[in-house]
Amino acid sequence: MLGLILRFLPFWVREPLYILIGSVFGVRIMYLAVHDHDWVPAGIGTVFLVFTAIRVHTVVKALRARRNPTPAPAPAQLQAQALTPAPAPAPAVAGPPPSPTAPEKDHNAWGQALAAFGVFGALVAAIWLGPHMLPSDDNTTRPASCSDSKDSDHEKLPKAYARTPGAVTGDELCEALNRPDLARLLGTPGETATTASGDNGTAALTDGKVAEPDAQVSFDTYSVKLSATYNHLSTAQYVRLFDIAGDRAEKDVRTVKILGRPAFFSSDHTMKIEINFGEEHKSAPVQQGPLARTLSIALDRKDRGGSYDLTVWSQSGALPPDTALVDIAEKVLPTVLERSAR
């Protein structure tokens, strides 16, 4: 419909419309291509811009020809035209005088131009504003949000949190861990977080007196858990316990420094619990799950007790390199420490 309207418009209305259409569509498509990092729309946008450039060249050429009209004929040509006999006038025929058609054509041209501008304006508005005004049919998986898993925003914290200066909550740990670049830090940049949650728990066998919040973010490949334990056991004492038990080599314990704080790596198996909801309502015993790798970091530089524990595991048993856990800790801990200092 728009093509038919443009075909019958005068040159000085049609060509500016072509330029407007090509520039708007070209710039819009190029913007979407750069935003989505997709080079196929970039090629289409380039075609529109090249088409616009050709139309601009045509209009410029016509403007130059209009500003520099054909020079007046020489005197010899005027003399030759004067010697040429004029054709005999046609015999007059009775009837009404001809109607002035030129103004009517100009009126119709301007009416068509206004109609074309109106239709094109409506199309541009629909294309440009449509994605923001109409419901989106995009089925792309969106990253999980920590707020999606909150059962109650007004859940009362255990008393251990009030007794522990600087204790963070599970929600704060979740917000710090659920970073947009977490999948890239894990080595799986194309994945999106499927679940994200935080919990305000307490350490086991402490009668609820030791705060132990945690947060977990899961992807298709890996799951990551960040917890904080506010007890009096230092990382050096933990490493000494591994030496006493004689399983330091088995658990692949390795000491490091993270952000100037004592830290150590360790490996252990997760627990796997299967529940059967069949007729017999039987549940399988607790089994050994896949191997997990943990990086434990002291709460302070002097290692006076307590730790942040960053754990990664996968259902397949594959683990990222230790450098990935270091990168995550160096990105996440500053945010946690900032929340803890408030």
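**Questions about a pocket, a core and a helix**

Biologist: What makes up the lining of the largest pocket, by class?

Modeller: Six nonpolar, twelve polar and six charged residues (Asp, Glu, Lys and Arg are charged; Ala, Val, Leu, Ile, Met, Phe, Trp, Tyr, Cys and Pro are nonpolar; the others, Gly among them, are polar). This is a predicted model, where local features need pLDDT of at least 70 and side-chain atom pairs pLDDT 80 or more, while totals for chains, interfaces and linings use all residues. Residues are numbered from 1 along each chain, and side-chain values use heavy atoms, without hydrogens and water.

Biologist: Which strand gives the most to the lining of the largest pocket?

Modeller: Strand S5 (261-272), with seven residues. Closest to the pocket's centre are Lys225, Asp268, Thr294, Asp309 and Thr311, out of 24 lining residues. They count as lining because each has an atom within 4 Å of a pocket point.

Biologist: How do you know that Leu186 touches Ile328?

Modeller: Contact means heavy atoms within 4.5 Å, and Leu186 has such contacts with Phe219, Tyr222, Val224, Val312, Pro320 and Ile328, leaving aside residues up to four places away in sequence. Leu186 and Ile328 are also among the residues with the most contacts inside the largest nonpolar core, which has 41 residues. Helix H10 (residues 322-341) supplies the largest share of this core, seven residues.

Terms used
On a 1 Å grid over the protein atoms alone, a cavity is a set of points where a 1.4 Å probe fits but cannot get out, and a pocket is an open set with protein on both sides within 12 Å along at least five of seven lines; lining residues have an atom within 4 Å of a point. Helices (H or I, at least four residues) and strands (E, at least two) are DSSP runs, numbered from the N terminus. A nonpolar core is a set of buried Ala, Val, Leu, Ile, Met, Phe, Trp, Tyr and Cys residues joined through side-chain atoms within 4.5 Å. Buried means under 20% relative accessible area, exposed over 50%, partly exposed in between (1.4 Å probe, protein chains only).
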